[in-house]
Amino acid sequence: MVHRRAGFISKMLALISRYVELVLACCAFASVGTIGTANSNLSGTTLLLTTTADMNAGNLVILSISLDNTATTDGDFGEVASITDASGNPWLELKEYTNGQAGAAAGTTCALWYTIVSSQLLLGGVITINFTNTITAKAATGWEWTKGAGTTIAQAGDSPQIEVNDNNK
């Protein structure tokens, strides 16, 4: 069961990442590339992503995270509690959604988090994704973009608007 779910989670991450890439491609952003991926089928409250490239100051980095759900209904339950990295960059949640399927680990939770890099994180640096509950199947992938000076990022939809600009570094 866990291996099938891990495959599903990986597919969800690929879809989310592709969507984010398409949205940013139309604006004042340029893709730098992946900063790495991580996955685990070991029960725990964290997932460690070791970067495969530098995260450069001033750039936008978005993490796509997918995990076994613990909530049994649909919605945002704060399954991803926080993200930290070895350089102390501030990570903020863009959106999280759980498809509960009426049972724990019967559906999935997907979340998007971002940072405007204020302090470079070098290749091999560690990003720690902290979960509210103990999770078995979990995965994350990160992508970095340059952004034009003064570029604002605004989240649209049913969540409160989030604006990211040079003042959020």
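Colleague: What makes β2 and β7 a pair of strands in this predicted model?

Modeller: Two strands count as paired if at least two bridges are found between them. β2 and β7 have 6 bridges, in the antiparallel sense, so they pass that cut-off. As one point of reference, Thr-50 stands opposite Val-126 in β7.

Colleague: Why are β2 and β4 called edge strands?

Modeller: The open sheet has 3 strands in the order β2-β7-β4, with antiparallel pairing. β2 and β4 each pair on one side only, and that makes them the edge strands. From one strand to the next, the twist averages 20°. Strands of a sheet pair through backbone hydrogen bonds, either parallel or antiparallel.

Colleague: Which elements does the whole protein chain have, and in what order?

Modeller: The chain has 1 helix and 10 strands. Starting at the N terminus, the order is α-β-β-β-β-β-β-β-β-β-β.

Colleague: Why is Ile-127 called buried?

Modeller: Buried means under 20% relative accessible area. Ile-127 has 0%, so this residue is buried. Ile-127 lies in strand β7, which covers residues 126–135.

Colleague: How do you know that Ile-127 touches Leu-48?

Modeller: A contact needs heavy atoms within 4.5 Å. Leaving aside residues up to four places away in sequence, the residues that Ile-127 touches include Leu-48, Ile-35, Met-55, Leu-63, Ile-83, Trp-91 and Leu-121. Ile-127 and Leu-48 are 79 residues apart in sequence, while their C-alpha atoms are 5.8 Å apart in space. The 5.8 Å runs from C-alpha to C-alpha, whereas the contact cut-off applies to heavy atoms.

Colleague: What share of the contacts joins residues at least 24 apart in sequence?

Modeller: Among contacts between residues at least 6 apart in the protein chain, the share is 78%.

Colleague: What makes the largest nonpolar core a core?

Modeller: Its members must be buried residues of nonpolar kinds, such as Leu, Ile and Val, joined through side-chain atoms within 4.5 Å. This core has 21 residues, and Leu-63, Ile-65, Val-80, Ile-83, Ile-127 and Ile-129 have the most contacts inside it. Two or more residues come from each of β1, β2, β3, β4, β6 and β7. A second, separate core has 8 residues, including Leu-60, Ile-62, Leu-94 and Trp-145.

Colleague: Which residues does Ile-129 touch?

Modeller: Not counting residues up to four places away in sequence, Ile-129 touches Leu-63, Ile-65, Val-80 and Ile-83, among others. Thr-45, Thr-46, Leu-47, Ser-82 and Ala-140 are also among them.

Colleague: Is Ile-35 buried or exposed, and how do you know?

Modeller: The limit for buried is under 20%. Ile-35, in strand β1, has 0% relative accessibility, so Ile-35 counts as buried. Ile-35 and Thr-141 are 106 residues apart in sequence, and 7.6 Å apart in space from C-alpha to C-alpha.

Colleague: Why is Ala-102 called exposed?

Modeller: Exposed means over 50% relative accessible area. Ala-102 has 69%, so Ala-102 is exposed. Ala-102 is found in the loop between β5 and β6. Its phi is near 65°, a positive value in a residue other than glycine. Gln-101 lies in the loop between β5 and β6, and has a positive phi of about 55° although it is not a glycine.

Colleague: How many of the residues in the protein chain are buried?

Modeller: Of the 169 residues, 45% are buried. The accessible surface comes to about 8,000 Å², and 56% of it belongs to carbon and sulfur atoms.

Note on methods
Residues numbered from 1 in each chain as written. Predicted model: local features only at pLDDT ≥ 70, side-chain atom pairs only at ≥ 80, totals over all residues. Heavy atoms only, no water. Helix = DSSP H or I, 4+ residues; strand = E, 2+ residues; numbered from the N terminus. Buried < 20%, exposed > 50% of the residue type's maximum accessible area, 1.4 Å probe, protein only. Areas by Shrake-Rupley, 256 points an atom, 1.4 Å probe, with all protein chains shown as cover. Axes fitted to C-alpha atoms, helices over the stretch in contact; angles between N-to-C directions.
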